Amino acid sequence: MDTTLSTTDLEFRDDVRAFFAKAAPEKSQQLINNPDTYKQGVIQWQKQLFEQGWVAPFWPREYGGAGWTVTQSYIYECERVTANAPDVVPFGLKMVGPVIYTYGNDEQKARFLPGILNGNDWWCQGYSEPGAGSDLAALKTRADRDGDDYIVNGSKIWTTYAQYADWIFCLVRTDHSGRPQQGISFLLIDMKTPGITISPIRSINGVHSLNEVHFDNVRVPLANRIGEEGQGWTYAKSLLAHERTVIARVADSKSRLDRLRELATRERQGGRPMIEDEAFRARFTAIKVDLMALEYMELRVLAAMANNQSPGAESSLLKIRGTEIQQALHELTIELAGVYGGMIAGDSATAADLGHDFGDQARKDFMYGRASTIFGGSNEIQKNIIAKRVLGL
Ligand SMILES: Cc1cc2nc3c(=O)[nH]c(=O)nc-3n(C[C@H](O)[C@H](O)[C@H](O)COP(=O)(O)OP(=O)(O)OC[C@H]3O[C@@H](n4cnc5c(N)ncnc54)[C@H](O)[C@@H]3O)c2cc1C
């Protein structure tokens, strides 16, 4: 792994900076911050990245990937966070895309990869079900063969952004005998197919990103199955490893840590800046050290991925440490906001109404951040994976 910046890397960094300066990502970010224009903002930004050829850094070049080295990906991510540029939505580019180009047939690659890259097709992930979250292999949504189609019946839950999706990638049961992991298949389903309904779930922060998706005799062509019937578990696992790597969000945490330092230098207690408070400093420094260690772990995994290796069980380590650090940052920031971090919608005034500039955001981040140790496979489950696959227990 080589992360020293060569002349070529420095030129690349300048190119990335120039692109962000010209592309004006703040315009897309503004749309993304408003729930009414969220989807428009995401697609607008993705199309700009696509035109630049940078939308899929890790995809192989032959499928439209950028072909960056690990150092270039790292530089891009740091510059993206500094420029406050949006991240891409992961479901197409970082999850189902790699499954399709790895396990799909030529027709599937030709049909689905272009729409994932250029942002025309919005994807969502249909894994979890009521009664099948951590124990994903207990899933019951069934797909029964009928001629050239499957007939799908069942429900998925916690489906992020299903309300915007054109397609859903689903794990379904095609065989009911044998071990639960056997008999699961991986299907790509057009969300416009008759028999699909979506029920919204509103989160504690008031946002609607989660949904239940119901399938009532939904007809799906056999041609939309990825790989072999009954082998969906294998494909699903490779996707989950990619998903967990993405969840670590190291660059984002580094930027939050910098912001926290700024705020703690400004906020005072007993006439002294909080950054000089010993207890605060100890917690701040502990997070910083953990984050540095995580950054090197992430670089190792990125280096492996750049060499076409699957991230594997190390992605579980990244997921655990990344989300723990995110939550520690949220906690310290909300504590720094003091009483202004506890004001909730429905109170007579928000923190912003009282002239406080980070209390409301600190509360929103804290609340949403609780989910990070749950989604992508809960952290307890990641510990089970490490115990089994890394420690051999
Ligand atoms: C914000 C958010 C977005 C999500 N988006 C999606 C999405 O787009 N698509 C999708 O398919 N899913 C999505 N999920 C679902 C997510 O993957 C599941 O919530 C997660 O896998 C946990 O499953 P569960 O909620 O059923 O909890 P459960 O499995 O019921 O777990 C409850 C608790 O028990 C613990 N536990 C369970 N089994 C064990 C065990 N064997 N050992 C130790 N502890 C255990 C868990 O760690 C957890 O703390 C999302 C979830 C959230 C919160």
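Modeller: Strand β3 (residues 149–157) and strand β7 (residues 210–221) run antiparallel and are joined by 8 bridges. Helices (H or I, at least four residues) and strands (E, at least two) are DSSP runs, numbered from the N terminus, and two strands pair if DSSP finds at least two bridges between them. This is a predicted model, in which local features need pLDDT of at least 70 and side-chain atom pairs count only at pLDDT 80 or more, while totals for chains, interfaces and linings use all residues. Residues are numbered from 1 along each chain as its sequence is written, and side-chain values use heavy atoms, with hydrogens and water left out.

Biologist: Which residue of β7 is the bridge partner of Ile151?

Modeller: Arg219 is the partner of Ile151.

Biologist: And how many bridges pair β6 with β7?

Modeller: Strand β6 (residues 196–201) pairs with β7 over 6 bridges, in the antiparallel sense. Ile198 has Val213 as its bridge partner in β7.

Biologist: OK, β4 next. How many of its residues are buried?

Modeller: In strand β4 (residues 167–173), 7 of its 7 residues are buried. Trp167, Phe169, Leu171 and Arg173 point one way, and Ile168, Cys170 and Val172 point the other way.

Biologist: Which strands does β4 pair with?

Modeller: Strand β1 (residues 123–126) pairs with β4 in the parallel sense over 4 bridges, and strand β5 (residues 184–190) pairs with β4 in the antiparallel sense over 7 bridges. Cys170 of β4 is the bridge partner of Gly126, and Cys170 has Leu187 as its bridge partner in β5.

Biologist: Now the ligand. Which residues come nearest?

Modeller: Ser134, Trp158, Thr160, Ser378 and Glu380 come nearest, out of 19 residues around the ligand. A residue is near a molecule or strand if one of its heavy atoms lies within 4 Å of it.

Biologist: What polar contacts are there?

Modeller: A polar contact is a pair of N or O atoms within 3.5 Å; within protein, one must be able to donate a hydrogen and the other to accept it, and residues adjacent in sequence count only if both atoms are side-chain atoms. An N or O atom in the side chain of Ser134 is 2.6 Å from an oxygen atom of the ligand. A polar side-chain atom of Glu380 is also 2.6 Å from an oxygen atom of the ligand. Trp158 uses a backbone N or O atom, which lies 2.9 Å from a nitrogen atom of the ligand.

Biologist: How much of the ligand's accessible area does the protein cover?

Modeller: The ligand on its own has 980 Å² of accessible area, and the protein covers 64% of that. Accessible areas come from the Shrake-Rupley method with a 1.4 Å probe.

Biologist: Which helix gives the largest share of the shell?

Modeller: Helix α12 (residues 379–390), with 3 residues.

Biologist: Different topic. Is Arg225 buried or exposed?

Modeller: Arg225 counts as buried because its relative accessibility is 18%. Arg225 is in strand β8 (residues 225–226), and its side chain makes a polar contact of 3.0 Å with that of Tyr150. Leaving aside neighbours within four places in sequence, Arg225 is in contact (heavy atoms within 4.5 Å) with residues including Gln108, Arg145 and Phe186.

Notes:
Buried means under 20% relative accessible area, exposed over 50%, partly exposed in between (1.4 Å probe, protein chains only).
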